[in-house]
Amino acid sequence: IACGGCAATCSAANFTSFSLRKINILVRRGENSEVRSEINRCMLCGKCTLVCPRGVNTRNAIFLIREAFQKYDNYAV
């Protein structure tokens, strides 16, 4: 996430202010409402995962964050 390769190939970042770096920072800070709005911009295309030199499955990370929010929403009701 730190090298920026994912940002260079990101389809969502080309059209919005989407940034995996920003999401990483927001998650660490616990700013969940901001994370929720940011991850909805991700198209889950997987280009970020393909270019990651460290092999981080960033697409899966976004998917898991979305899933966690869905589970939280179901339990909060």
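**Figure 1. Glu38 counts as buried, at 2% relative accessibility.** Buried means under 20% relative accessible area, exposed over 50%, and partly exposed in between, with a 1.4 Å probe and protein chains only. The view is of a predicted model, in which local features need pLDDT of at least 70, side-chain atom pairs count only at pLDDT 80 or more, and totals for chains, interfaces and linings use all residues. Residues are numbered from 1 along each chain as its sequence is written, and side-chain values use heavy atoms, with hydrogens and water left out. Glu38 belongs to helix α4. Helices (H or I, at least four residues) are DSSP runs, numbered from the N terminus, as are strands (E, at least two). Beyond four places in sequence, Glu38 contacts Ser17, Phe18, Ser19, Lys22, Ile23 and Leu26. Contact here means heavy atoms within 4.5 Å.

**Figure 2. Glu34 is partly exposed.** Its relative accessible area is 37%. Glu34 sits in helix α4.

**Figure 3. The largest nonpolar core has 13 residues.** Such a core is a set of buried Ala, Val, Leu, Ile, Met, Phe, Trp, Tyr and Cys residues joined through side-chain atoms within 4.5 Å. Phe18, Leu20, Ile23, Val35, Ile39 and Ile62 touch the most other members. Helices α3 (20-29), α4 (32-39) and α6 each give two or more residues to this core. The largest share, 3 residues, comes from α3. Ile39 touches Phe18, Ile23, Ile62, Ile65, Arg66 and Phe69, with residues up to four places away in sequence not counted. In soluble globular proteins, nonpolar side chains tend to be buried together.

**Figure 4. The largest cavity has a volume of about 80 Å³.** Fourteen residues line this cavity; among them, Cys10, Phe18, Cys42, Cys45 and Cys48 are the closest to its centre. Helices α5 (47-51) and α6 (58-76) each give two or more residues to the lining. The lining divides into 10 nonpolar, 2 polar and 2 charged residues. Ala, Val, Leu, Ile, Met, Phe, Trp, Tyr, Cys and Pro count as nonpolar, Asp, Glu, Lys and Arg as charged, and the others, Gly among them, as polar. The structure holds 2 cavities of 30 Å³ or more. On a 1 Å grid over the protein atoms alone, a cavity is a set of points where a 1.4 Å probe fits but cannot get out; lining residues have an atom within 4 Å of a point. Points are joined across faces, edges and corners, and a volume is the space filled by probe spheres set on them.

**Figure 5. Cys10 and Cys48 both count as buried.** Cys10 has 11% relative accessibility and is in the loop between α1 (5-9) and α2 (11-15). Its C-alpha lies 8.7 Å from that of Cys42, 32 residues apart in sequence. Cys48, at 13%, is part of helix α5. Cys48 and Gly4 are 44 residues apart along the chain, with C-alpha atoms separated by 9.5 Å. Leaving out residues up to four places away, Cys48 touches Cys6, Thr9, Leu20, Thr58 and Arg59.

**Figure 6. The side chains of Thr58 and Thr49 make a polar contact, at 3.4 Å.** A polar contact is a pair of N or O atoms within 3.5 Å; within protein, one must be able to donate a hydrogen and the other to accept it, and residues adjacent in sequence count only if both atoms are side-chain atoms. Thr58 is in helix α6 and counts as buried, at 3% relative accessibility.

Conventions. 1 Å grid on protein atoms, 1.4 Å probe; cavity = no way out; pocket = protein on both sides within 12 Å on 5 of 7 lines; lining within 4 Å.
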